[in-house]
Amino acid sequence: MDGTIRGALRRAIGTRARRWLLAGTLLAGLLAAVALTAAAAPADRTFAELSGTVQSLMSVLTPLFGILLVRDLRRAPDAARIIPTVLAVGLPAAVIGVVGVLICAATLALTPADIADEPWRHSGTIAVGSVLVQIVAGLVGTGLGLLLRSPVVAFLATIVLPLGLFALLGAVDALRPAQAWLTPFGSVRNLLSGDMSVLRWVQWLCVLLIWGVGLNAAGAALLKRRQQPAR
């Protein structure tokens with residue numbers, strides 16, 4: 001099992017294309033942070049505001065690492081196991097989250113313009129939340145990668161399904177409170193604001209169970225079922 005995990009971790013960022021994908025994701029975050037800091041009003045130049053946009057932008061690309069890992073799994077189903085493959089997406093996700101925190105902190109600290117009165121409010125919680133946001137995004141990628149054969153369709157689904165459900169729930173007043181319980185974007189807004197309560201942590205756990213654990217469990221079961229006739 002240890003060897004399988006190490007192999008999956010190497011595949012996560014072990015190719016030149018995936019290292020370029022990682023670099024491109026981080027570069028997009030850096031450019032967004034610089035642009036936001038330059039364009040925002042002083043009151044909006046806070047760690048929370050920067051993180052909310054930068055981490056959300058990078059989380060669009062994070063699922064690709066999970067989808068690519070699952071593609072490797074499909075190509076060599078007897079050589080790679082599902083659980084280590086799913087867990088391996090945590091490496092690039094954590095790197096994106098941590099570097100994103102450093103980008104936002106450095107951009108805010110080095111800006112020559114005026115900033116808000118309390119620019120670092122909830123910074124510790126936001127830093128932790130940034131990593132959690134990226135990990136959930138990576139797990140959404142592995143889950144939909146397992147459920148959908150086409151990597152392109154799976155990647156589009158990582159955008160359309162969460163945001164579509166968020167918009168659908170938001171269109172009905174009675175269902176709007178369910179956004180934070182059922183959609184990643186609903187919990188992302190809370191995590192990256194830093195204003196977390198016990199209730200909001202429970203809401204994030206529900207999102208993790210649905211989109212992280214549940215989606216991957218369903219995908220793993222479907223993949224095993226597809227492999228059985230071939231064997």
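Biologist: What should I know about the numbering and the model before I start?

Modeller: Residues are numbered from 1 along each chain as its sequence is written. This is a predicted model, where local features need pLDDT of at least 70, side-chain atom pairs count only at pLDDT 80 or more, and totals for chains, interfaces and linings use all residues, while side-chain values use heavy atoms, with hydrogens and water left out.

Biologist: How many salt bridges are there?

Modeller: Side chains of opposite charge can pair when their charged atoms come close. A salt bridge is counted when a side-chain nitrogen of Lys or Arg is within 4 Å of a carboxyl oxygen of Asp or Glu, and the count here is two. In one of them, Arg18 pairs with Asp72, with the closest N and O atoms 2.8 Å apart. Arg18 belongs to helix α2 (residues 16–39) and Asp72 to helix α4 (residues 63–75), so this pair ties together parts that are 54 residues apart in sequence; helices here are DSSP runs (H or I, at least four residues), numbered from the N terminus.

Biologist: Are Arg18 and Asp72 buried or exposed?

Modeller: Buried means under 20% relative accessible area, exposed over 50%, and partly exposed in between (1.4 Å probe, protein chains only). Arg18 is buried at 5%, and Asp72 is also buried, at 15%. In the salt bridge between Arg176 and Asp173, the closest N and O atoms are 2.9 Å apart; here Arg176 is partly exposed at 37%, whereas Asp173 is exposed at 59%.

Conventions: Helix = DSSP H or I, 4+ residues; strand = E, 2+ residues; numbered from the N terminus.
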